Amino acid sequence: MNLTLYKRGIQGSWKMLLIFAAVISMYFTVIVSMFDPALGSALNEFAKAMPELMAIVGMNPASAELISFLEAYLYGFIMLVFPMLFCILSANKLIARHIDRGSMTYLLAAPVKRVTVAFTQMKVMVTGLFTLVIFATLLGIVNCEISFPGQLDIGKFILLNIGAFCLQLFIGSICFLSSCIFNDVKYAVGIGAGIPALGFIIQMIANAGKELETAKYFTFFTLFDSDGIIAGDPFAFWGIAALFAGALALFTAAIVVFVKKDLHI
Amino acid sequence: MSVCAIHNLTRNYGKERGVFNLSFSINRGEVFGFLGPNGAGKTTTIRHLMGFLKPEEGYCTIGGKDCWKDRAVIQKSLGYIPGEMVFFDDMTGTDFLTFMAKYRKVKSDRRTKELLDRFELDPRSKLKKMSKGMKQKVGIVAAFMHDPEVLILDEPTSGLDPLMQSRFVELILEEKAKGKTILMSSHMFEEVERTCTRVAIIKKGRLVAMDAVETLKAAQAKKFVITLESEEATAAFAQEGLRIIDISQNRVTVIVQNNIKELIAVMNRFPVTNIATPNQSLEEIFMQYYGGGIVG
């Protein structure tokens, strides 16, 4: 890793990170405040009134516990979509844009190996993602402890976040690979954002109804089984492990592609 | 001893674009002019030397190391001015130069300061807001800051005013005296004439000429446009056995090569009203030297 490049990358992404953190904070605060253990929240009323619509975006809690509530209302949509957006923007900015514009020239006209450049840029993205998930985890715990002390199963909540992190890592690796393959920002973003977006849409279709449920076998989002994680289902943990392994494989592929490719810069 | 060598380098982009079976080598302490019209394959060749592109066939070496496989090692003592200056967003010139120094692990900033003084550059403004000339100066400083042994310069003076161009020529001559090896692509005759020991010219990806600058200068054909009083006189002038390449109304274009006295003698006998020496591009001069063989 090249520390100078890493610092530069962090400097270049903290503003974006701050915006995402602010959006996540807002959702966490609002959603946690809507929880009402005694009466069932207004959101649960929504879920009863429009079960299909709420199910599409994953908002159908399995139980009345606080952790299920957070899982349903935050980890079915908010914590999937926003970190995913961060991955798409970040991956594009770190590799493809430098190649497309030509500023990659200066990173490679120096005694720094291409593998180091790609690895450092990958680390910048993963650092951002990690910070975002850690932030969400702490935010969730603090919010719950203030409003509903002792009611959140913190251990399971952390596991849920580890799962979410591995899912996002996998998404990030798709975006990063795409950023390394395509020299044109248009294609790098198109494919890098297109695959995760398509996966997410398929998951929404699978959530929509019984007859469409088989669609879940066609999207990697199924590997992040948030209900299963909370229920302690071992398959859910295999899913997390698979996402993590997949991310490692795709990041490695991305670096290899970057090292071997012809650069017209 | 050759420091930089290209062996049968080929990269075919189709439609006669790319480089084809290109070979040449540059010796230590030599400033090598690399010339050719736009789209001839100069930048493609340079990209191979920089390790950005993998040769389809052939190979290039710098300091005996392979430009593709050992690119990171080669870069330690290589300085590069790209043909197009594109920096990172939202950096000032100072930020960029500091970043490059740290990124390259350059310890001392003595050389950077000296270069900034030499080119009268204040790098504190945003790169985005800099003029083309200022950006070019930032690029020059970045290429020389680590005192490299080998320099690859792709049109290094584009955008510089004449004063700065001449400062750049001085810098190149100093580096040459220190024994640095330099490959320079350029369109400026004066720059090449003053700095280069040898030049190569490529066209459509193929090497068409390579020679010492002294040889070329000695053999240089000079062009004169002579205006006469009348068209009759012009027609008669054209019959005098000089090498005429163009006649239009009462103007003739004469090529002179080691026979300036003959031209003067002829001009004395005719009603000449004006003599002009049009600016000749480097390529034009080489085309004349090598005759019709490379024109087309």
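Before the details, a word on conventions: residues are numbered from 1 along each chain as its sequence is written, and chains are lettered from A in the order in which they are written. Because this is a predicted model, local features need pLDDT of at least 70 and side-chain atom pairs count only at pLDDT 80 or more, while totals for chains, interfaces and linings use all residues, and side-chain values use heavy atoms, with hydrogens and water left out.

Let me begin with confidence. The predictor gives the complex an ipTM of 0.86 and a pTM of 0.87. Chain B averages a pLDDT of 88, with 93% of its residues scoring at least 70, where pLDDT is the predictor's confidence in each residue, from 0 to 100. Please be careful with residues 292–296 of chain B, over which pLDDT stays under 50.

Now the overall picture of chain B. It has 11 helices and 14 strands, which are DSSP runs numbered from the N terminus (helices are H or I, at least four residues; strands are E, at least two). The C-alpha atoms of chain B fill a box of roughly 70 × 45 × 35 Å along the principal axes, and buried residues account for 52% of its 296 residues. Here buried means under 20% relative accessible area, exposed means over 50%, and partly exposed is in between, with a 1.4 Å probe and protein chains only. If we take contacts, meaning heavy atoms within 4.5 Å, between residues at least 6 apart in the sequence of chain B, 68% of them join residues at least 24 apart.

B:Phe32 sits in strand S3, residues 31–35 of chain B, and counts as buried at 0% relative accessibility. B:Phe32 and B:Ile182 are 150 residues apart in sequence, yet their C-alpha atoms are 6.0 Å apart in space. B:Arg11, in strand S1 (residues 2–14), is also buried, with a relative accessible area of 7%. Beyond four places in sequence, the residues that B:Arg11 touches include A:Asp262 and A:His264 from chain A, as well as B:His48 and B:Glu56.

Let me turn to charged pairs. The structure holds 17 salt bridges over all chains, a salt bridge being a side-chain nitrogen of Lys or Arg within 4 Å of a carboxyl oxygen of Asp or Glu. One of them joins B:Glu16 and B:Lys204 at 3.8 Å, N to O; the pair links loops 188 residues apart, B:Glu16 being between S1 and strand S2, and B:Lys204 between strands S9 and S10.

Another joins B:Lys180 and B:Asp147 at 2.7 Å. B:Lys180 lies in the loop between helix H6 and strand S8 and B:Asp147 in the loop between helix H5 and strand S7, so the pair ties together parts 33 residues apart in sequence. B:Lys180 is buried, at 3% relative accessible area, whereas B:Asp147 is partly exposed, at 39%.

By contrast, B:Glu114 and B:Arg110, which also meet in a salt bridge (3.8 Å), both lie in helix H4, four residues apart, about one turn of the helix. B:Arg110 is exposed, with a relative accessible area of 58%, and B:Glu114 is partly exposed at 31%.
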